[in-house]
Amino acid sequence: MYQQLHALPQAEQIELLTRHLVSINSVNGTTGEIDLADELVKILQSFPIFQQHPDWVWTQSLPHDQLNRKNVFALLKKPGCCRTIIYHSHFDTVGIEDFGSLEASAFDPTALEKYFASYQADHEVQADAQSGDWLFGRGALDMKSGDAVNLANLLYFSEHPAELAGNLLFMGNCVEENDHSGVIAGLSELHRLQIEQGLKYVTAINTDFNSPKYAGDNNKYVYYGAAGKMLTCCYIKGIETHVGNTYSGIDSTLIASQINLLLNNNPKFVERIPNEEVLPSACLQLRDQKDFYNVQTAKVTEMYFNTFTYQRPAADTLRLFKNAIEKAGQQLLKKLAERQQKFFSALGMPAVAENKQLFVYTLVEYLAYLERQGLNSAALVAEFAQQADQFDRRQVGFKLIDFLDQHLNDNHAKVVLFIAPPFCPHNSVKKTTTVYQQLLKVLEESQNQAEIKLKEFFPYLSDSSYLAIDETSEELSRLQANFPLAEQIYPLPFAQMRKLAIPAIDIGVYGKGAHTWKERVYKPYSFNILPTLIRKFSQQVWQATKE
């Protein structure tokens with residue numbers, strides 16, 4: 001690959017690399033992730049510096065991964081220097097089902113550009129395709145162009161050693177698009193390098209994408225923090241009944257609907273952070289647990305929400321939701337009672353004294369309730385844990401509570417809230433630090449090249465979440481207490497994150513339509529301005545940081 005790259009201007013290098021990487025199918029959960037990792041290694045090994053030092057390029061296999069996926073590392077060393085900057089990015093992508101009849105062209109930027117140039121159903125995407133300034137394809141924006149920028153800057157510094165004022169570590173991660181297993185495994189490698197090679201991590205730069213926030217928004221965004229994410233789960237048990245006697249029970253799907261209306265896209269529950277894009281919770285699954293058709297109302301319904309966290313501890317958000325659901329549940333019972341009385345009244349039947357109840361618990365509270373009912377909750381959880389590995393990580397908590405409730409058999413309608421994988425911690429760089437001050441300086445110097453705005457929290461999910469952690473040990477303890485079998489199904493090295501404490505910045509590629517079939521990256525900024533911006537920031541951080 002170096003032979004194709006070395007004579008090109010850097011913008012053309014990045015475009016060539018992006019097109020090449022996009023052409024390789026690396027959809028999350030497939031062996032394509034391995035193919036892409038192998039290709040990254042080949043590209044890196046073609047660079048003259050790594051031919052001289054082949055041991056500076058290596059891979060790290062993910063432990064216990066059924067596909068044997070791996071992370072890719074390359075270390076460009078500055079002799080006698082400890083200061084190290086990490087350039088990191090992920091190389092897996094979401095699927096291609098959304099391309100429909102164009103699925104065969106999902107990894108072909110040229111074919112997609114030609115198609116969209118005559119696509120009259122969306123004039124914006126058509127104009128972009130006709131301009132020649134946009135590169136299309138699955139992963140073009142999220143985030144193989146980001147991989148390409150990192151590779152090109154690594155090559156640049158290897159060929160301009162006088163400008164290399166510290167060590168540069170390239171980290172390419174697999175498995176970002178669902179469980180972030182790649183970067184989580186990568187933490188141990190970062191720790192190993194820190195110990196064995198004496199590296200001092202001064203900052204980590206992620207090139208994950210940014211996009212317009214509203215119609216006509218031409219700003220490019222840089223972030224000095226990463227939003228967190230919790231998967232907020234609700235196990236909902238109603239009181240089943242025959243549809244011919246529906247008022248005698250409580251339909252679990254009706255409870256779920258009430259919760260969905262309460263939490264889904266409701267800005268009432270978002271954190272208030274001035275000038276930041278703070279996103280509401282969104283429902284990712286709502287499903288009753290009936291396996292086949294019958295005329296019984298659904299006894300159990302499961303649902304979970306993507307909930308972003310920024311500064312508020314995850315355990316506090318769970319408590320906030322619990323209190324709100326408790327109140328909404330009482331309103332639902334009141335409404336059901338009113339409907340029942342209207343129904344009976346219309347039939348000339350006497351009024352019925354209504355005593356239905358709906359109990360709402362966090363997992364910790366539910367386990368305590370089991371103990372009060374004479375059950376050994378710890379022993380039951382341990383019994384279930386032996387079969388937990390047969391379920392998807394998202395399902396383990398639901399299956400556990402169902403298992404516990406069968407032993408309890410109290411015939412009470414209830415909602416049990418808990419947390420499931422993935423969990424992403426939130427973190428941000430303090431404004432008093434050298435990293436923040438140098439970032440501010442570089443952005444001020446670059447305003448004549450692009451309209452760049454500095455924001456605190458990267459608004460999407462990011463591997464940067466795992467490089468540092470802002471929540472206290474006590475806050476994490478409360479979180480883990482409501483995260484069933486966390487150590488077994490999704491062990492997170494919180495102590496390692498806290499010890500590494502790497503200031504994480506996102507200076508990413510710019511484009512539109514991530515995770516859609518219209519995904520595209522804007523070349524003039526992403527391939528021209530961005531790589532220079534990253535290099536300037538890197539140089540200033542190296543120079544401003546003491547050994």
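## Close-up views of a predicted model

**View 1. Met143 belongs to helix H7, which covers residues 140-159.** The model shown here and in the other views is predicted. A cis peptide bond links Asp142 to Met143. Its omega is about -10 degrees. Most peptide bonds are trans, and most residues other than glycine have a negative phi.

View 2. Pro422 is part of strand E12. Strand E12 covers residues 413-424.

**View 3. Five strands make an open sheet in the order E9-E10-E8-E12-E11.** The pairing in this sheet is mixed. Strand E9 (282-288) and strand E11 (358-362) form the edges. Each has a single partner strand, so one side of each lacks a neighbour in the sheet. Neighbouring strands are turned against each other by 20 degrees on average, direction ignored. Strands of a sheet pair through backbone hydrogen bonds, in a parallel or an antiparallel sense. E11 and E12 provide a parallel pair, with 5 bridges. Within that pair, Leu358 has Ala413 of E12 as its bridge partner.

**View 4. Strand E8 (residues 228-237) is largely enclosed by the rest of the structure, because 10 of its 10 residues are buried.** In a regular strand, side chains alternate between the two faces of the sheet. Which residues of E8 point one way, and which the other? Gly228, Met230, Thr232, Cys234 and Ile236 point one way. Lys229, Leu231, Cys233, Tyr235 and Lys237 point the other way. The residues of both sets are buried, and the two lysines, Lys229 and Lys237, are among them.

**View 5. Strand E8 pairs with E10 and with E12.** E8 runs antiparallel to E10 (residues 300-309), and 10 bridges join them. Cys233 has Tyr304 as its bridge partner in E10. E8 and E12 are also antiparallel, with 8 bridges. On the E12 side, Tyr235 has Val416 as its bridge partner.

**View 6. Lys322 is a residue of helix H10, which covers residues 314-346.** Is Lys322 buried or exposed? Its relative accessibility is 7%, so Lys322 counts as buried. Leaving aside residues up to four places away in sequence, Lys322 touches Val360, Tyr361, Thr362, Glu365 and Leu417.

**View 7. Val243, Tyr293 and Val295 make a nonpolar surface patch.** The patch has an area of about 330 Å². Val295 sits in the loop between E9 and E10. Its relative accessible area is 35%, so Val295 counts as partly exposed.

**View 8. Asn68 and Leu485 are residues other than glycine with a positive phi.** Phi of Asn68 is near 60 degrees. Phi of Leu485 is near 55 degrees. Asn68 lies in the loop between strand E1 (57-61) and strand E2 (70-76). Leu485 lies in the loop between helix H15 (473-481) and helix H16 (486-489). Asn68 is exposed, with a relative accessible area of 55%. Leu485 is buried, with a relative accessible area of 17%.

Note on methods:
Residues numbered from 1 in each chain as written. Predicted model: local features only at pLDDT ≥ 70, side-chain atom pairs only at ≥ 80, totals over all residues. Heavy atoms only, no water. Buried < 20%, exposed > 50% of the residue type's maximum accessible area, 1.4 Å probe, protein only. Helix = DSSP H or I, 4+ residues; strand = E, 2+ residues; numbered from the N terminus. Pairing = 2+ DSSP bridges. Contact = heavy atoms within 4.5 Å. Axes fitted to C-alpha atoms, helices over the stretch in contact; angles between N-to-C directions. Patch = residues over 30% accessible without salt bridge, like charges linked within 9 Å, V, L, I, M, F, W, Y side chains within 5 Å. Areas by Shrake-Rupley, 256 points an atom, 1.4 Å probe, with all protein chains shown as cover. Salt bridge = Lys/Arg side-chain N within 4 Å of Asp/Glu carboxyl O.
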